[in-house]
Amino acid sequence: MQTSSGSIPTVIRSSGEEPTIILPPAGQFIGGQFAESEGGHTEIFRPATGEVITTVCAGVAADVDKAVVAAQKAQPAWGALTPRERSETLHNVADAIEAHADILMALESLNTGKPQAVVQDDVESAMDAFRFMAGACRSLTSMAAGDYVQEHTSVILREPVGVIGVVTPWNYPLLMAAWKLAPILAAGNSIVLKPSEQTPLSTLKLAEITAQILPAGLFNVVTGFGLPVGNRIAEHPDIDMIALTGSIGSGSAVASAAAPSRKRVHLELGGKAPVVVFADADLTAVARTIREAGFWNSGQECGAACRVLVQDTLADELIAALASEVAQITVGDPAGNPDVELGPLVSKEHFDRVTGFLERALADGLRPVTGGGPLPGVGYFVAPTVLADVPAGAEAATNEIFGPVVTIETFADEGEAIRRANETQYGLSASVWTSDAQRCIRLPRLLDFGTVWVNSHLTLANELPWGGFKGSGYGRDLSLYALDDFSRTKHVMFNHGG
């Protein structure tokens, strides 16, 4: 594969002193203790070099069954606590994450290839997720009690769902665990969690550092592959709900497996975020934001600013500005390199998938303004890439590449921009860039996405909901809406008539 002339960045290899890595125990974390699996083991790789870091258990269905029993035993007492008592425990979890922040950041970077800025944001956001939910669970609101029928007083109770199965992805192992754990625990539930088989280390470390904080059996971790571990969690008759962050294919498989037991399903799936740029937009702000939001975490981000739709009269200027910004991105092994902005992709399998997209894109005539292919040397590095001359419906513009690739399409007017932005199976997030005040108000209502930013992109807060429409799933992470999703309402009516 060829990259565009003169645009191949140098990969900075490890330099300086690498941080000390304290690996977690490799067993399954069930009932507050680590134990060996009834299955075998699987290797965990370092994506910056392709080297094996360690091995962890490759779980089997029997491991899930044991974890469910432990979770069932722990949940009633936890669910019976007052919101204040659960809140205090969640604050203690946040404090433990903060106390072990350096270890968690080093471990996450080693296992995923994330740069320093990304892992620091992940750990700080994980802490804040627990602190927000610790406060939120003490201030839940429901409709007022009252006599909605003569001589009958109604009260709405908020109850835990029970045992909740969780499946987390490889792109944000620690953060996505926190996004699920914090509201699930805040609402009074217990958990059986399967991390990605590629990136389980930070989740196992989280289990280790919270083992003396959370009651035994409340938080269980079963490592292994989707078959058999993930499938058993989805189908298990004693798991009351399953929450997954992953691909559309994974979401469909989980929903199908969960259907016979009629358990609740919470899905946060993929995205292909359109960045709709009008001719009156701040060009400098657009280019700088795409540099960060399009290539954050090596583009392995479901809300990444990866699909630019720019008004045709501004296209050439934006392409030049974005090419200049992206050419400045520092690529490398994050170990010992705090200035690295873009690390490797997570695995050889994913590296092959992303480079396959690029090979087909170039063969179809898409123009690599920067990058366009893999980088030489060890590790799973792909050059930060901007593709221009992208026609409507091109594979690179419609499918989730999930790598450091931004595509640029053009549109003529507002009507075409809305139609083209919405012509996707995904509905997670989008952004609109314009200085027109009326358009700022009008367009977000017309875009079929769960989050729409105006003159911004990939700005998140724990107070605000995150989740999508269409193929991007249903249910909400973060905010009070997540507490709604991970609890159930019960109506109690009292007859006080004669």
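Tutor: Ground rule before we start: contact means heavy atoms within 4.5 Å. Also, this is a predicted model.

Student: Fine. What does Met-133 touch, leaving out residues up to four places away in sequence?

Tutor: Met-133 touches Leu-90, Ala-182, Pro-183, Ala-186, Leu-478, Ser-479, Ala-482 and Leu-483.

Student: And which residues have the most contacts inside the largest nonpolar core?

Tutor: Phe-130, Met-133, Phe-219, Val-277 and Val-308. That core has 98 residues. There is also a second, separate core of 22 residues. Val-68, Ala-70, Leu-244 and Leu-267 are among its members.

Student: Helix 5 next. How many of its residues are buried?

Tutor: 14 of its 14 residues, so buried here means under 20% relative accessible area for each. Helix 5 covers residues 173-186.

Student: What span should helix 5 have, and what do its ends give?

Tutor: At 1.5 Å a residue, helix 5 should span 20 Å. Its end C-alpha atoms are 20 Å apart, which agrees.

Student: What comes just after helix 5?

Tutor: Gly-188, with a positive phi of about 100 degrees.

Student: Which residues other than glycine have a positive phi?

Tutor: Asn-297 is one of them, with phi of about 55 degrees. Lys-470 is another, with phi near 50 degrees.

Student: Where do Asn-297 and Lys-470 sit?

Tutor: Asn-297 is in the loop between helix 9 (283-293) and strand 14 (307-311). Lys-470 is in strand 22, residues 469-470.

Student: Is Asn-297 buried or exposed?

Tutor: Buried, because its relative accessible area is 3%. Lys-470 has 37% relative accessibility, so Lys-470 counts as partly exposed.

Student: Where is the cis peptide bond?

Tutor: Between Leu-227 and Pro-228. Omega is about 20 degrees there. Pro-228 belongs to helix 7, residues 226-235.

Student: Now the surface. Which residues make the nonpolar patch?

Tutor: Met-143, Tyr-148, Val-149 and Met-493. The patch is about 410 Å².

Student: Where is Tyr-148, and why does Tyr-148 count as exposed?

Tutor: Tyr-148 lies in strand 6, residues 146-149. Tyr-148 counts as exposed because its relative accessibility is 51%, and the cut-off for exposed is over 50%.

Technical notes: Residues are numbered from 1 along each chain as its sequence is written. This is a predicted model: local features need pLDDT of at least 70, side-chain atom pairs count only at pLDDT 80 or more; totals for chains, interfaces and linings use all residues. Side-chain values use heavy atoms; hydrogens and water are left out. Patches are made of residues with over 30% relative accessible area and no salt bridge: like charges are joined within 9 Å, nonpolar side chains (Val, Leu, Ile, Met, Phe, Trp, Tyr) within 5 Å. Accessible areas come from the Shrake-Rupley method with a 1.4 Å probe; for residues, only the protein chains shown count as cover. A salt bridge is a side-chain nitrogen of Lys or Arg within 4 Å of a carboxyl oxygen of Asp or Glu. Helices (H or I, at least four residues) and strands (E, at least two) are DSSP runs, numbered from the N terminus. Buried means under 20% relative accessible area, exposed over 50%, partly exposed in between (1.4 Å probe, protein chains only). The expected span of a helix is 1.5 Å times one less than its number of residues. A nonpolar core is a set of buried Ala, Val, Leu, Ile, Met, Phe, Trp, Tyr and Cys residues joined through side-chain atoms within 4.5 Å.
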